[in-house]
Amino acid sequence: MLSEIAFYGALETGLIYGLVAFGIYISFRVLDFPDLTVDGSFPLGAAVAAMLIIHGWNPWIATGAAVLAGMAAGAVTALLNVKLKILNLLASILTMIALYSVNLRVMGRPNVALLTEETVLTPWYDLGLAFHQVPVLLFALVVLVALVLLWRFMKSEVGLAMRATGANPRMARAQGIATGAMIVLGVALSNGLVGLAGALFAQSQGAADVTMGVGVIVIGLASLIGGEALVTPSSVIRALIACVVGAIIYRLAIAFALNADVLGLQAQDLNLITAVLVTLAIVLPGVRNSVVGKLTRKKA
């Protein structure tokens, strides 16, 4: 069984990766744009926020700057694809590789500590809650605000144009939609959310590290696919809820697996657990639909 601290820690991390899943939902599901930039924009958000906080900036302004930095990284990827006609996957890989050097430049060293600095969490510790409950409360509010804003955006005229671009770009162009601009906006928005997640993660963990983005794309995809297996994404609001549910369930599953003495798993088995969970998330919906189809045919 999980301890209370481990449980809240899984919730905290799950909420942060829920923001990553939002970003991946926009790029992979809405725009049909495979984007690996997130492995670089996650530590970029952490690096920008950490350095600004160290230099005396307000933590929320620093976090906002991290969002803008993530959006800039996403825009570079999209422009490589739209303007230079580089394959979207390759464009994102090129940006991700370049961001490793950018992140080192931003921090000036491989990692930056924030343990003695004021962060967005600092004022919340005065509420009288347990130390491990504070990040969960704040991040839940941030995720809720992001979910509502994204839902409203996707229902707006620009959001509908973006969804049309991903669904059928040729038809969208025929309707007068600037599909290139929609791709740039969508990928930038996606990585802005990932930059926000990186900034919050750095402040909750007390440090920013140049390698903290390794595997973020896999975690985000696991959250997205797993959430869609649990919550059928029949509408935008359900798809966004699925992102959060999937991220939390994923982190709880990881925590249970690593804390279950019967399984004998250790921290170095994290990638193995992730691969198994993603495989199950991909396979289970097909198995479920097959079973439901057979039962329906028998009743008929």
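Student: What makes the pair of Phe 7 and Tyr 8 edge-to-face, and how many aromatic pairs does the structure hold?

Tutor: The structure holds five aromatic pairs. Rings of Phe, Tyr and Trp (its six-membered ring) pair if their centres lie within 6.5 Å; planes under 30 degrees apart are stacked, over 60 edge-to-face, and the rest tilted. The ring centres of Phe 7 and Tyr 8 are 5.7 Å apart and their planes stand at 80 degrees, so this pair is edge-to-face. Keep in mind that this is a predicted model, where local features need pLDDT of at least 70, side-chain atom pairs count only at pLDDT 80 or more, and totals for chains, interfaces and linings use all residues. Residues are numbered from 1 along each chain as its sequence is written, and side-chain values use heavy atoms, leaving out hydrogens and water.

Student: Why is the pair of Phe 42 and Phe 201 called tilted?

Tutor: Its centres are 5.6 Å apart, with 55 degrees between the planes. Phe 42 belongs to helix 2 (residues 38-54) and Phe 201 to helix 8, so the pair ties together parts 159 residues apart in sequence. Helices here are DSSP runs (H or I, at least four residues), as are strands (E, at least two), numbered from the N terminus. Together with Tyr 17, these two residues form one aromatic cluster.

Student: How do you know whether Phe 42 is buried or exposed?

Tutor: Buried means under 20% relative accessible area, exposed over 50%, and partly exposed in between (1.4 Å probe, protein chains only). Phe 42 has 0%, so it is buried. Phe 201, at 15%, also counts as buried, whereas Phe 7, at 34%, is partly exposed.

Student: What makes Thr 119 buried, and which residues does it touch?

Tutor: Thr 119 has a relative accessibility of 7%, so it counts as buried. It sits in the loop between strand 1 (111-113) and helix 5. Leaving aside residues up to four places away in sequence, Thr 119 touches Pro 59 and Gln 203, contact being heavy atoms within 4.5 Å.

Student: Why do the buried residues of helix 6 line one face?

Tutor: In helix 6 (residues 157-167), the buried residues are Gly 159, Ala 161, Met 162, Thr 165 and Gly 166. Viewed down the helix axis, they fall within an arc of 160 degrees, so they line one face; the arc is that of the directions from the axis to the C-beta atoms. Glu 157 and Ala 167, on the other side of helix 6, are exposed. Cover for the buried residues includes helix 1 (4-30), helix 5 (134-155), helix 7 (169-174) and helix 8 (179-205).
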